[in-house]
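Visitor: Could you walk me through this one? I'd like the definitions spelled out as we go.

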Amino acid sequence: MARSSTVTSRSKVLVRRETRSAYLFLLPNMIFFVGFVVIPMILCIYTSFFDSTMGNDTKDVFIGFGNYVELWKDQIFLRALKNTFVIVLVSVPVVCVFSLWVSSAIYRLRGSILSTFRCIFYLPVVTGSVAVTVVWKWMFNNYYGIFNYVGKGVGLIDKNINWLGDEKFALWCIILILFTTSIGQPIVLYVSALGNVDTSLVEASEVDGANSFQQFWKIKWPLIMPTTLYILVITTINSFQCFALIQLLTSGGPNHSTDTVMYYIYYTAFKLYRYGYGNAMGVILAIFIALLSAVQFKLAKEK
Amino acid sequence: MNSGIKKTSIYKIISMVILVILAILFAFPLYWIVTGAFKTMASINATTPDWFPKEWVLDNFNKLFSRQTAPLWELGIPFSSKFSADGKPIIFTAGPVVPAAIRWLVNTVFMAVMAMILTCITSAMAGYALAKKRFKGQNLLFTLIVCAMALPKQVILIPLLREMSSLSLYNTVWAVIFPTVGWPFGVFLMKQFSEGVPGEMLEAARIDGAGEARTFVEIVVPMIKPGIGALAIFTFINSWNDYFMQLIMLNSTSKLTISLGIAKLQAENSTDFGLIMAGASLAAIPIITIFIMFQKYFTQGIAMGAVKG
Amino acid sequence: MKKKRMLALGLSIIMALSLTACGGGDNAEKQPAQETQETQKTQEAEPEAAPEADTAGDTAEAEGETEAAEGTDLSAAITLWTYPIGNWGDSATVESLVASFNQKYPNITVTVEYLDYTNGDDQVNTAIEGGQAPDLVMEGPERLVANWGARGLMVDLSDLFASEAGGEIYESVNSACKSSDGKYYEYPLCMVAHCMAINQNMFEAADAMQYLDAENHTWTTENFLKAVQAVYDSGQENVGAIYCSGQGGDQGTRAIINNLYSSTFTNAEHTAYTADTAENIKALETLYAQDGINFDASINGGEEITLFRNGTLAMSFCWNAAQQINSDNAAAGTTNNGDTILPMLFPSDDGKTELCGGIWGFGVFDNGDQTKIDAAKTFIDFICNDPDQVNESVKASTYFPVRPTLTGIYDGTETADTMNTFSTYFMPSMGDYYQVVPGWAEARTEWWNMLQRIGTGGDVATEVATFVENANAAAGAGQ
């Protein structure tokens, strides 16, 4: 803030020069950002007011807010919206808490054991979501999948469960896989953040008779707060990007119980050929996400 | 006191047991991919799972490699049709004819590395400008960046596809790379890092008569190096795994990435699990090898991101 | 170091400029540029390395050129996208077909892409939107005529039908390839009647063979249900699956439901969906209540076949001649562990099964380049009409020809007996080809969604009514 007062005292030339250099530095990135994010977004908003479909001899018909009105009556969309938020609201806290638990359990282990654990938890991330999904699909298989085989073998279930074909389970299966593919990075982050906590502080508190919970809550937690925020941001981003899992495992089914807005946009565009409608969904989702990011960022700033 | 120690050690043992079980669960898919790739058809189709291949065979890889072929490397320069002499795009082809699966791997590496380099350069520059310069529209731009950060690409699927089509980029690797580079997370991260660069140092450089470019390269870049490393890894892994953009933008066999290739194998041959596993292990093994070799740098790099993030 | 950075900066600026330049240009200008890019790509790639899928084609082509091209001087590079229609999904087979085409037409390069039934439609649709639709696509009227044709994306192929060979095509096939406004968007090559199949050994073990006429491959609805019950009671928990994870193989689920109590899916004029009949509802309710039949939302037709072949299921609703002679995993006509597979007609209560047909052929996308369109038509003409070629083309599909004059295609091959069985007992039962009702693509999406809802306990009558309503809405919009 101190700078704003100095600006007035600087000569205009200097200001202009700084502005120009700032724009030049921004330019390369802005080409991509404006060209491949902002412009498509504007086009998306524009098309969302039209009834637009595939075809050579079709004309887009302006229908005002028609698509949006229809959206609020579309049970599948509402379900997809709900699923999207269930995925995000379940997976983000679970990933954060769980990775913190794993990290605090392993960060003081011997170097080689620590890196083995860290490596294993990071494996699903580097294996690639498609490759991982292919195996999970097999493991969840109704007839010869490993879950049913093991489950029946140890007497946990007495009848094959059609994991991905049953509304009750499908979404949770997706969340489970998403969980395994998104936990690697937070663990790596937490392990190093916890490792960086000054041991003298911890020792001092031990002398003061603090138990391990107090130690964690009073000393470590505030120190790893920036890491936590960073993890919140990247996990949220990750959860919203979960598309491959759904497309490859369930295609949104059964009965749209695993549809997310992201998948439903794709479905509307290329299975129902309703581009305008799909774009309207995109706009709604973008608004929600922008709000969420803004809130998250506000919180981060306050800390 | 004594019971307290006992409690902690019991807690430790239990948590270790849980951790080991979890570790097995996490490693299992990969184990299953790699062993599945070497199993015989009968072993894979067995109704009781064969936990370990009874005999190791290369049939699945032979099948994978005897499918379609493509030249090892092919690169079209984006927009080159606009300034090449004959109005045709400039395309380089190199290397022997290889199985398409190998080509997919090459495509994926190229795509991920290119996205990584472009993102790091452009984001570092923009992040620096956002953090250390004052200009009109700064707040607006930053708000825009924050809001767009978590935006899933599905939202702009249709307009982006049309845009790529009219830029003649559809079905080229650039159609996947450019939106990745434009994704503002990198700028956000770089801004956070650049804020740590002391203003006095920049001022001193200016007094020494260093130009803007020189200040950036010689002062700012070395200071935000850890952040660039973190961003590089993040971008690389993300674009390696970014199945969606690839699915939308690429369609010919020689243009596919390894993720798309496996998905296609699965859709075409849902019967042939061994073949799919061979493809999946082809995708997984190189990157895992890289990861294990450079684990230290990887984890350091990722962790650096958090310090400032 | 510094130089490198500056270079990078410079490069990005150049990119920026060209980008804005591009963005400013108009579409009309870009269309041809895009095509030349395609052409150029294949031509450039050829000298040092074979283009994507065509090593065999290459050598043949080189020969052709030295012989100074006998066929025509038409020169173009076209793309052909095929769905897995028999062996038309197998690159080795298709390459040899393209190679023989190139012997006659050395200057037409054909680049082939192979689609699958899970993602193929999406792939074509994104390509259309991306401005790179294939020149040629091989599929059936439900896509070529009812979907892409109806959207004005395809070229009218009437001139091919005007040829001598085109005139011989069966009337029913001919009308299926014709759009409501009289244009032909598909030139057919082959056809088949989709049927079902049972695992004979399982049926024998359950003493269920008494319920069917193995010689004529027929059974009644009543006996079908008895047989399913018998197989279920014999300890086979999963007898059959109403698969519905997607549209793949949905002709099977439609056929079993429509035939069970002899109903229809659409009206006779092919203008509206009429699946909400009492008979269809009864059929769905019966299947839902039947032990051993699961509505499975985790698999599609292809996966059901896998489960049938590996002995998990005792019957498949997604069968045809190509499946019967498939020997990828085990000897033709047997499951993986050697059980005998017996193809069957769908059960029917009036003794008259109507099998759902498949008619496959080629369609040409209108990409605005007459040379390519001509080249594509030349290709179709060669593959489907050339007397020396057509037998091979049909054989590659492992289905049946669409012209009465082509007989004995499979004579002397090892599959002759099986194919004969199919042409004797199954082909005559081929029913109305109704898959050309407007809005078909949306309707079939609605169909598997409906099955999923019923499978998860939805009320059959309500769900079927919803299906018909949505499907007809799409039909109305498509007209």
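Visitor: Which domains does the assignment give for chain B?

Guide: Bounds of this kind come from an automatic or database domain assignment. For chain B, that assignment gives domain 1 (1–57) and domain 2 (69–308).

Visitor: What ground rules apply to the model and its numbering?

Guide: It's a predicted model, where local features need pLDDT of at least 70, side-chain atom pairs count only at pLDDT 80 or more, and totals for chains, interfaces and linings use all residues. Residues are numbered from 1 along each chain as its sequence is written, while chains are lettered from A and ligands numbered from 1 in the order in which they are written.

Visitor: How many Å separate the centres of the two domains of chain B?

Guide: The centres are taken over C-alpha atoms. Between domain 1 of chain B and domain 2 of chain B, the separation is 34 Å.

Visitor: How many residues does each of those domains put into the contact?

Guide: Two residues are in contact if their C-beta atoms, placed from the backbone, lie within 7 Å. On that basis, domain 2 of chain B gives seven residues and domain 1 of chain B gives eight.

Visitor: Which helix gives the most to the domain 1 side of that contact in chain B?

Guide: Helices here are DSSP runs (H or I, at least four residues), as strands are (E, at least two), numbered from the N terminus. On the side of domain 1 of chain B that touches domain 2 of chain B, α1 (2–37) and α2 (41–45) of chain B each supply at least two residues. The top contributor, with five residues, is α1(B).

Visitor: Over to chain A: how far apart do its domain centres lie?

Guide: The assignment there gives domain 1 (2–47) and domain 2 (76–302). Four residues of domain 1 of chain A are in contact with six residues of domain 2 of chain A, and the domain 1 side has three nonpolar, one polar and no charged residues. The C-alpha centres of the two domains of chain A lie apart by 35 Å.

Visitor: What is the radius of gyration of chain A?

Guide: It is taken over C-alpha atoms, and the globule rule is 2.2 Å times the number of residues to the power 0.38. For a compact globule of 303 residues that would come out near 19 Å. The C-alpha atoms of chain A fill a box of roughly 80 × 80 × 30 Å along the principal axes, and the chain's radius of gyration is 25 Å.

Visitor: Why does A:Met139 count as buried?

Guide: A residue is buried if 20 or more other C-beta atoms lie within 10 Å of its own, exposed if 12 or fewer, and partly exposed in between, with C-beta atoms placed from the backbone. A:Met139 sits in helix α6 (residues 129–139) of chain A. Leaving out residues up to four places away in sequence, A:Met139 touches A:Gly145, A:Ile146 and A:Phe147. A:Met139 counts as buried because its C-beta neighbours inside 10 Å number 21.

Visitor: How are α9(A) and α12(A) oriented to each other, roughly parallel or roughly antiparallel?

Guide: Axes are lines fitted to C-alpha atoms, for helices over the stretch in contact, and angles run from 0 to 180 degrees between N-to-C directions. Helix α9 (residues 184–196) and helix α12 (residues 225–240) of chain A pack at about 175°, with their axes 10 Å apart. Angles under 35 degrees count as roughly parallel, over 145 as roughly antiparallel, 65 to 115 as roughly perpendicular and the rest as oblique. So α9(A) and α12(A) are roughly antiparallel.

Visitor: How does the contact of α9(A) with α12(A) look by class?

Guide: The α9(A) residues taking part include A:Leu189 and A:Tyr190, and those of α12(A) include A:Ile231 and A:Ile234. By class, the contact has seven nonpolar, three polar and no charged residues.

Visitor: And how many residues does chain A bring to its contact with chain B?

Guide: Chain B brings 70 residues, which divide into 52 nonpolar, 13 polar and five charged. From chain A, the number is 80.

Conventions:
Ala, Val, Leu, Ile, Met, Phe, Trp, Tyr, Cys and Pro count as nonpolar, Asp, Glu, Lys and Arg as charged, and the others, Gly among them, as polar.
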